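Open the model in your viewer and keep the selection tool at hand. The stops below are meant to be taken in order.

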Amino acid sequence: MPSVLPEGDPAPEDGALPLSALEGAEDRRFCVYVHVPYCRVRCGYCDFNTYTASELGETRQADYAGQVQRELSFGAGVLRNAGLPKRPVSTVFFGGGTPTLLPARDLTVMLDHIHGEWGLVDGAEVTTEANPDSVDEDYLNSIAEAGFTRVSFGMQSAVPHVLRTLDRTHSPERIPLVTRWARKAGLQVSVDLIYGTPGRASPIGSVRSTPHSQPSRTIFLPTR
Ligand SMILES: C[S@@+](CC[C@H](N)C(=O)[O-])C[C@H]1O[C@@H](n2cnc3c(N)ncnc32)[C@H](O)[C@@H]1O
Ligand code: SF4
C-alpha cells in the first residue's frame, strides 16, 4: 500500500493558493505534473503513491483520464481566480505509478486537455514515465504522434538478480529494445538507475551497459 501522507495543511476545498505561492508566480515557468497512480506490481522499495488492481476497490482505471481532465479545468479556474494571467506550459510530466498502464488514447486526451486550457510553449518538453514492459512499439509511436517528446524508463539495473530483489517485472534485455523503439519514434529517452540494493554494492555494471541503450539522460536514485 502507498506510504502515509506527509504532515502539512490539507488543501482547501476551493483549491485556493496560499499567498506565498502567488508571490512572483508570473515570472516563473509554468509546468504541469499529472500523477497516474497505477502499477501492475508494487516494487518493495517504492515510496510513491501507487495502487495495484487488487487495491483499487470500486475505483476504475478507465475513469482516470476523465477525472484528470476535470481536475485540470479546476486548476485552471483556481489560477484565474487568483488573478494570474494565462501562460503557456513549459514542461508536462506524466509520472507514477505507471502512466503507460493507461491506453495511449488516455494519455493523449489528458495532454490535449492541457493544450486546450493553456497551450504549450514552442519546444515544450512532454514526458511520460514508463516501465520497460508496459510499452511496445505501437504504443510509443502513438504517444509520439500525440505530442510527447520524451520517455523516462525505470531501468533500475542491468543485473537479473538485482531486478528480482527489487520486484521488477522486466528483464535486462528489454531495455535496449524499448529505448530503440522510443528513439525510432522520435522520442528523447532517459533511464533511471537505482543504487544501494541489498546484495549489490555498486551500480557500475549497469552504468556500463546503458550506452547500448543510448539514453540522452541517466538518472541515479538511491534505494531508501
Ligand atoms: C515513480 S517511478 C515511475 C517509473 C515506473 N513506474 C518504473 O518503475 O519503471 C520513477 C522512479 O523512481 C525511482 N524510485 C521508486 N521508489 C524509490 C525510492 N523509494 N527511492 C528512490 N527512488 C525510487 C525508481 O528508480 C523509478 O524508476
Ligand atoms: S513500478 Fe515504478 S511506481 Fe510502481 S511500484 Fe515499482 S517503482 Fe514504484
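The tour goes from the ligands to a strand and then to one glycine.

This is a predicted model, in which local features need pLDDT of at least 70, side-chain atom pairs count only at pLDDT 80 or more, and totals for chains, interfaces and linings use all residues. Residues are numbered from 1 along each chain as its sequence is written, while chains are lettered from A and ligands numbered from 1 in the order in which they are written.

Select ligand 1 first. Of the 17 residues around ligand 1, the nearest are Cys-46, Asn-131, Gly-154, Asp-192 and Leu-221. Strands E2 (89-96), E4 (150-156), E5 (188-195) and E6 (217-222) each give two or more residues to this shell. A residue counts as near if its C-beta atom, placed from the backbone, lies within 6 Å; strands (E, at least two residues) are DSSP runs, numbered from the N terminus.

Next, select ligand 2. The residues around ligand 2 include Cys-39, Arg-42, Thr-98, Asn-131 and Gly-154.

Now colour strand E4. Six of the seven residues of E4 are buried, so the rest of the structure largely encloses this strand (buried: 20 or more other C-beta atoms within 10 Å; exposed: 12 or fewer; partly exposed: in between; C-beta atoms are placed from the backbone). E4 runs parallel to E5, and six bridges join them. Within E4, Phe-153 stands opposite Val-191 in E5, and Ala-130 stands opposite Phe-153.

Finally, pick Gly-95 in strand E2. Gly-95 is partly exposed, with 16 other C-beta atoms within 10 Å. His-35 is 60 residues from Gly-95 in sequence, yet their C-alpha atoms are 5.1 Å apart.

Conventions:
Helix = DSSP H or I, 4+ residues; strand = E, 2+ residues; numbered from the N terminus. Pairing = 2+ DSSP bridges.
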